[in-house]
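Thanks for coming. Please have the sequence and the structure open.

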Amino acid sequence: MSVLATAQSALRTIYNHPQLVQWYFRNKFRAMSLTPEQQTAQGYSKPPLGITFKPTLSCNLRCKMCSFVANGAVFTNPKDSLPLEAWKSVVDDVRHWKPYIWFTGGEPTLYPDFVPLVHHIKRQGMLCGVTTNGTTLKRKAEALLENPLDMMVVSIDGKGGIHNHVRGHERAFERTTEGILHLQELKRQKGLHKPAVIINCAITPDNYEYITDMVGVAEMVGAEALNFQHLWQMTRSMIEAHNAKWGQWHRMSYEDCGGIDYTPMDVERVIELVHEVKRQPKTIPVLFHPDIPDEDIRVYYNSPETFVFRKPAACGWLNTDILPNGDVSPCFEVVCGNILEDRFTNIWNNYLYREHRKRLQVDGDFPICARCCAYWRRD
């Protein structure tokens, strides 16, 4: 991407999405000031930057790298979730904190009241985004744009048949791209800039040879950026090391958390292709997460239990999940309360949550953090 094109893209983003720019700098400031809080606050935390709603773990796809496919959670009924009013009560409870609300799953758009819940969040003046496989966008776009999300991260793992193979559905690519293009056309007709559409491509054993196709795919659907995500992994040895130290208080199960023994990749080829993507001409920003040098990519894939760019885990202080049954869960198989039994604002610094943070303070992280997406987040 040329310097001029980079500048133009940055200016366009600032102009079209000023709230996202403010959110970015707010998050960076909080993350930079987190160390004293982690070291001296005895497990207490300031309000979270974000809360992830997981209204359903059900999904209409069967992705090869998905932990919820591995543990069977995708086969649940999306109607077996909390009623809309329960989720709205959390929004009303935390709105004075102004966290962003992020939806993920499973496939969150399968939750029957997804659109009304998004609209409620936006009416409270809060930032809101979703990670989605995009297959429901064609029929949900019109309703979503009545009060649109701020950001939409759409997962596409390759062009055409590559994506369909990874996602376990013969028309996944067609349905997703048609949905995005429909959304983009409706935005144009209505004079809207939101939601900002970001394409996310997970680098896996099934698609890494084809990641150079993704710049063209992202540009074709009018995305504002393309993000490549190195493979998240949960190995048996990570879980065994974790349980050896923390199992008395925070015991993990390889099967329950959806651990997967991945097919090895040719790491030198991965590195070669990452550089090739970075050299490609492009009209949008292309990012890698985590963006690590070649020697760390080798460690990342060849020795997944070994930390790279190690720093204290921030997830326990910055964000948390709320699961389909209402459990507030800051980490795999840790439950600190339930929103049907107590207010989220009470749960956030209750005894169970403070004890979880104090365990993190001992070493700064857990063995299971090494390839966990939440470990790398500082937002």
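Two strands pair if DSSP finds at least two bridges between them. Strands (E, at least two residues) and helices (H or I, at least four residues) are DSSP runs, numbered from the N terminus.

Some housekeeping. This is a predicted model, in which local features need pLDDT of at least 70 and side-chain atom pairs count only at pLDDT 80 or more, while totals for chains, interfaces and linings use all residues. Residues are numbered from 1 along each chain as its sequence is written, and side-chain values use heavy atoms, with hydrogens and water left out.

Now the sheet. It is open, has 10 strands in the order E7-E6-E5-E4-E3-E2-E1-E8-E9-E10, and its pairing is mixed. At the edges stand E7 (286-289) and E10 (337-338), each with a single partner strand, so one side of each has no neighbour in the sheet. Helix H5, residues 84-94, packs on the sheet and touches E1 (50-53) and E8 (319-322). The direction of H5 makes about 180 degrees with that of E1; axes are lines fitted to C-alpha atoms, for helices over the stretch in contact, and angles run from 0 to 180 degrees between N-to-C directions.

Take E1 next. E1 pairs in the parallel sense with E2 over four bridges, and Gly 50 has Tyr 100 as its bridge partner in E2. E1 is also parallel to E8, again through four bridges, with Thr 52 opposite Asp 321. Which way do the residues of E1 point? Gly 50 and Thr 52 go one way, Ile 51 and Phe 53 the other, and all are buried. Buried means under 20% relative accessible area, exposed over 50%, and partly exposed in between, with a 1.4 Å probe and protein chains only.

Moving along, E2 (residues 100-103) and E3 are parallel over three bridges, and Trp 102 is partnered by Gly 129 in E3. E3, residues 128-132, runs parallel to E4 with four bridges between them, and Val 130 pairs with Met 152 of E4.

On its other pairing, E4 joins E5 (residues 196-202) in the parallel sense over five bridges, where Met 152 has Val 197 as its partner. How many residues of E4 are buried? Five of five, across residues 151-155. Met 151, Val 153 and Ser 155 lie on one side, Met 152 and Val 154 on the other.

Last, the two loop residues. Gln 124 is in the loop between H6 (114-123) and E3, and is buried at 17% relative accessible area. The side chain of Gln 124 makes a polar contact of 2.7 Å with that of Arg 95. A polar contact is a pair of N or O atoms within 3.5 Å; within protein, one must be able to donate a hydrogen and the other to accept it, and residues adjacent in sequence count only if both atoms are side-chain atoms.

Ser 81 sits in the loop between H4 (67-70) and H5, and counts as buried, also at 17%. A polar atom of the Ser 81 side chain lies 2.4 Å from the backbone oxygen of Pro 55.

Note on methods:
Contact = heavy atoms within 4.5 Å.
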